[in-house]
Amino acid sequence: MTSLPARLILPLLLLFGSFCSTLTRGGEDAEALKLQKDQREFDLFKLALQWPGTECKGTSKCCSTNGCCRPNAIIGFTIHGLWADYEDGTWPSCCEGSQFDENVISPLLDVLNKYWPSYRCGSSKTCHKTKGLFWAHEWEKHGTCSYPIIKNEYEYFVNALDLYFKYNVTEVLIGAGYVPSNSEKYPLEGIISAIQNAFHMTPEVTCSSGSLEELRLCFDKNFEPRDCETESNTESGINSLKSSSCPSNVSLPIYDKSQWLESNEAVISQSSEQPILIERVREA
């Protein structure tokens, strides 16, 4: 049976989640209201995206939960998190609220596993002094602080996915000629300009060893695109980005999973199928 395109699935999931939340939310909103007494309300959202080819360079262990080790992995940006930030560059974290519950996002798990993977083995620290999934860390540290715009765990993940598909950074960069490669280097200014022209926003970027590591898109509280920098702290978005951890020319590497073929901790299948590019998600 042909599957529905991701852009159709997400609205349906949001409707389903709204229905479920009326049945299961209980005192969750009251908890969030109590919580915000201790930390002032945030100013903007940042959608943090990771480049797998860079993230996976530091992988020293392969396991079933490590997205670096999966066959047919996406070549393109995946989600790190949706962050509630302040204008001054700081952010609230670990706001009081509901503890992560995987059952709440069960309708989203297939999509999350594909487009919001962890690139590490082991568990992530949570705000309740426990360890859990990467998603638990992101919800408890950042999602709980996005109230009152985002009111519950389900809304947090659906909104992040919706922004990710709507503002498809990988599609924009490939369309501009910035294709994943282990040999090419691209001007950072060109990458930033491609994002600016497509989405009318100036992103933040971070790099590691000359490779693009993260790209962050900023949005106001209505989820409209905006520059990540404000006029009070920068004269030029591009100039500000050049002073970050990135050189003038950066790479968009492809991670080679062949090093894990002999791993005793995971079985990596190298089939003839090619990795899936994010821009093709609507055809899935």
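Trainee: Taking contact to mean heavy atoms within 4.5 Å, what share of the protein's contacts with a separation of 6 or more comes from residues 24 or more positions apart?

Mentor: Those residues account for 79%. Keep in mind that this is a predicted model, where local features need pLDDT of at least 70 and side-chain atom pairs count only at pLDDT 80 or more, while totals for chains, interfaces and linings use all residues. Residues are numbered from 1 along each chain as its sequence is written, and side-chain values use heavy atoms, with hydrogens and water left out.

Trainee: Got it. How many helices and strands are there?

Mentor: Nine helices and nine strands. Both are DSSP runs numbered from the N terminus: helices are H or I with at least four residues, strands E with at least two.

Trainee: And how much of the protein is buried?

Mentor: Of its 284 residues, 51% are buried. Buried means under 20% relative accessible area, exposed over 50%, and partly exposed in between, with a 1.4 Å probe and protein chains only. The accessible surface is about 14,000 Å², and carbon and sulfur atoms hold 50% of it; that area comes from the Shrake-Rupley method with a 1.4 Å probe.

Trainee: Which residues touch the most other members of the largest nonpolar core?

Mentor: Ile 105, Trp 116, Phe 157, Val 169 and Ile 195, out of 58 residues in that core. Helix α6 (residues 153-166) gives the most to this core, with nine residues. A nonpolar core here is a set of buried Ala, Val, Leu, Ile, Met, Phe, Trp, Tyr and Cys residues joined through side-chain atoms within 4.5 Å.

Trainee: What is Phe 157 in contact with, leaving aside neighbours within four places in sequence?

Mentor: Phe 100, Ile 105, Leu 108, Leu 112, Trp 116, Trp 135 and Trp 139. Trp 135 and Trp 139 sit in α5, and along with Glu 138 they meet Glu 153, Tyr 156 and Phe 157 of α6.

Trainee: How do α5 and α6 cross?

Mentor: The axes of α5 (residues 134-141) and α6 come within 11 Å and cross at roughly 105°. Axes are lines fitted to C-alpha atoms, for helices over the stretch in contact, and angles run from 0 to 180 degrees between N-to-C directions. The two helices are therefore roughly perpendicular; that label covers 65 to 115 degrees, with under 35 roughly parallel, over 145 roughly antiparallel and the rest oblique.

Trainee: Why is α5 described as largely enclosed?

Mentor: Because six of its eight residues are buried. They are Phe 134, Trp 135, Ala 136, Glu 138, Trp 139 and Glu 140. What they pack against includes β1, β2, α4 (109-115) and α6.

Trainee: New topic: how do β1 and β2 run?

Mentor: Antiparallel, with seven bridges joining β1 (residues 44-50) to β2. Strands pair if DSSP finds at least two bridges between them. Gln 50, for one, has Thr 78 in β2 as its bridge partner. Eight of the eight residues of β2 (residues 78-85) are buried, so β2 is largely enclosed by the rest of the structure.

How values were computed
Contact = heavy atoms within 4.5 Å.
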